[in-house]
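Please read the following report beside the sequence and the three-dimensional view. What can be said of the fold, the surface and the side-chain contacts?

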Amino acid sequence: MRGTVSVLGVPTAAWGQARPLEAWEMHPMMWGVSGALGIGMMLILWGVVIVGVVLAIRWLVSQGRESRPDAALDILRQRYARGEIDREEFLARKRDL
């Protein structure tokens, strides 16, 4: 007989091979530089994912809008170009707009 099998289908010999970590214990991968590097890379990954989602949503929202030219400023520029108003009046009205 090779060994007994538990109710879960795991050989009973496997139960004694590794003990589960307690709540206060750290996993061995979290020790030292490799653990800190792994945590840092995970934070960077999630940062990139979140920034990507935000940028994608902003891009999708802006697709529905059409940029309208400022008609009042265009009229003001045309009047200045035709010589109807001088530079000081142009700048004063542009500030008002």
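The report goes from the basis of the model to its fold, its surface and its contacts.

## Basis of the model

The model is predicted, so local features are given only where pLDDT is at least 70 and side-chain atom pairs only at pLDDT 80 or more, while totals for chains, interfaces and linings use all residues. Residues are numbered from 1 along each chain as its sequence is written, and side-chain values use heavy atoms, with hydrogens and water left out.

## Fold

The chain holds three helices and zero strands, where helices are DSSP runs of H or I with at least four residues, strands are runs of E with at least two, and both are numbered from the N terminus. Along the sequence the pattern reads α-α-α.

Helix 2 has 12 residues, which at 1.5 Å a residue should span 16 Å, and its end C-alpha atoms are 17 Å apart, which agrees; the expected span is taken as 1.5 Å times one less than the number of residues. Glycine 83 follows helix 2 and has a positive phi, near 90°.

## Surface and burial

The chain exposes about 9100 Å², of which carbon and sulfur atoms supply 65%; the areas come from the Shrake-Rupley method with a 1.4 Å probe, and for residues only the protein chains shown count as cover. Of the 97 residues in the chain, 6% are buried, where buried means under 20% relative accessible area, exposed over 50% and partly exposed in between (1.4 Å probe, protein chains only).

A nonpolar surface patch of about 830 Å² is made by Met42, Leu45, Trp46, Val49, Ile50, Val53, Val54, Ile57 and Val61. Patches consist of residues with over 30% relative accessible area and no salt bridge, with like charges joined within 9 Å and nonpolar side chains (Val, Leu, Ile, Met, Phe, Trp, Tyr) within 5 Å. Methionine 42, one of the patch residues, is placed in helix 1 (residues 32–63) and is partly exposed, with a relative accessible area of 44%.

## Aromatic pair

Which residues form the stacked aromatic pair? The structure holds one aromatic pair, formed by tyrosine 80 and phenylalanine 90, which are stacked at 4.7 Å centre to centre with 20° between the planes. Tyrosine 80 lies in helix 2 (residues 71–82) and phenylalanine 90 in helix 3 (residues 87–96), so the pair ties together parts that are 10 residues apart in sequence. Rings of Phe, Tyr and Trp (its six-membered ring) are taken to pair if their centres lie within 6.5 Å, and planes under 30 degrees apart count as stacked, over 60 as edge-to-face and the rest as tilted.

The two partners can also be described by their accessibility. Tyrosine 80 counts as partly exposed at 32% relative accessibility, whereas phenylalanine 90 counts as buried at 9%.

## Salt bridges

A search of the whole structure finds four salt bridges, each being a side-chain nitrogen of Lys or Arg within 4 Å of a carboxyl oxygen of Asp or Glu. One of them joins arginine 77 to aspartate 74, with the closest N and O atoms 3.8 Å apart; both residues lie in helix 2, three residues apart, about one turn of the helix. Arginine 77 is partly exposed at 42% relative accessible area, and aspartate 74 is partly exposed at 31%.

In helix 3, arginine 93 and glutamate 89 are four residues apart and so separated by about one helical turn, and they form a salt bridge whose closest N and O atoms are 2.7 Å apart. Arginine 93 is partly exposed at 37%, and glutamate 89 counts as partly exposed at 28%. Glutamate 84 and arginine 82 meet through their side chains in a further salt bridge (2.9 Å, N to O), and Arg79, Arg82 and Glu84 are linked in a network of salt bridges. Glutamate 84 is partly exposed at 45%, whereas arginine 82 counts as exposed at 54%.

## Loops between the helices

Aspartate 86 lies in the loop between helix 2 and helix 3 and counts as partly exposed at 41% relative accessibility. The side chain of aspartate 86 reaches the backbone nitrogen of glutamate 89 at 3.1 Å.

Aspartate 70 is placed in the loop between helix 1 and helix 2 and is partly exposed, with a relative accessible area of 44%. Aspartate 70 and leucine 97 are 27 residues apart in sequence and 9.7 Å apart in space, C-alpha to C-alpha.

Definitions and conventions: Polar contact = N/O pair within 3.5 Å; in protein donor to acceptor, adjacent residues only side chain to side chain.
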